[in-house]
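Please open the model in your viewer and keep the sequence beside it. The tour below goes from one selection to the next and says what to look for at each stop.

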Amino acid sequence: MKKQNNLTRKSIRLKGYDYASIGWYFITINAIDHKHIFGEIKDKVMYPSKLGVTLDKEWKKTGEIRKNIKLHEYVVMPNHFHAIVEICYSLNKNNIPGKFVSPKQTLPAIIRSYKSSVTRSSNELKLEKKNQVWHGRFHDRIIRDERELMNVKNYILNNVRDWKY
């Protein structure tokens, strides 16, 4: 079987969905090779590494830079990051679902920018090997109703307490 080239890999996003749309999104971003580089949990308390502190700082900056989003619950874990992002209004007025449009204000663009800023800070501070912070992709789930939103919020808020390797 022929190995799939990165340029032709399939998108894991919901086909035809406009990720610049108003809504709530639950995201998970994993560390490269699921390494525990963001900190450690002892006695149900998260102790972030310098890189973990950088994740927190850069996430807060993301909310300051992008005026069309609100950042809600989030948590830095030893080998991943969870967050709820709310897109309050779309800046992509001309998006046509299912048609390629420049992805400037979409959820993937927001996450790509965040991952890039964390990696740049890590490189400058020499916290990890150069460009060795993130797994290549991220996971997202569109939050469809109030009940699901409350479940995700509770999951994030209890993630450290419930942590098991």
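**From a helix end to the core**

Begin by selecting K126, which comes just after helix 2 and takes a positive phi of about 55°; helices here are DSSP runs of H or I with at least four residues, strands are runs of E with at least two, and both are numbered from the N terminus. Before going further, note that this is a predicted model, in which local features need pLDDT of at least 70 and side-chain atom pairs count only at pLDDT 80 or more, while totals for chains, interfaces and linings use all residues. Residues are numbered from 1 along each chain as its sequence is written, and side-chain values use heavy atoms, with hydrogens and water left out.

Now select helix 2 itself, whose 19 residues reach 27 Å from the first C-alpha to the last, close to the 27 Å expected at 1.5 Å a residue (the expected span is 1.5 Å times one less than the number of residues). Within helix 2, pick out T119, which counts as buried because its relative accessibility is 15% (buried means under 20% relative accessible area, exposed over 50%, and partly exposed in between, with a 1.4 Å probe and protein chains only). Leaving out residues up to four places away in sequence, T119 touches N131, V133 and W134, where contact means heavy atoms within 4.5 Å.

Next, show the largest nonpolar core, which has 37 residues, and colour I27, F38, L55 and F81, the members that touch the most others. Such a core is a set of buried Ala, Val, Leu, Ile, Met, Phe, Trp, Tyr and Cys residues joined through side-chain atoms within 4.5 Å. Among the elements that give two or more residues to this core are strand 1 (23-31), helix 1 (50-65) and strand 5 (80-87).

Stay with F81, which is buried, with a relative accessible area of 0%. Which aromatic rings pair with F81? The ring centres of W59 and F81 are 5.0 Å apart and their planes meet at 65°, so this pair is edge-to-face (rings of Phe, Tyr and Trp, the last by its six-membered ring, pair if their centres lie within 6.5 Å; planes under 30 degrees apart count as stacked, over 60 as edge-to-face and the rest as tilted). F81 and Y114 form a tilted pair, 5.4 Å centre to centre with 35° between the planes. Because F81 lies in strand 5 and Y114 in helix 2, this second pair ties together parts that are 33 residues apart in sequence.
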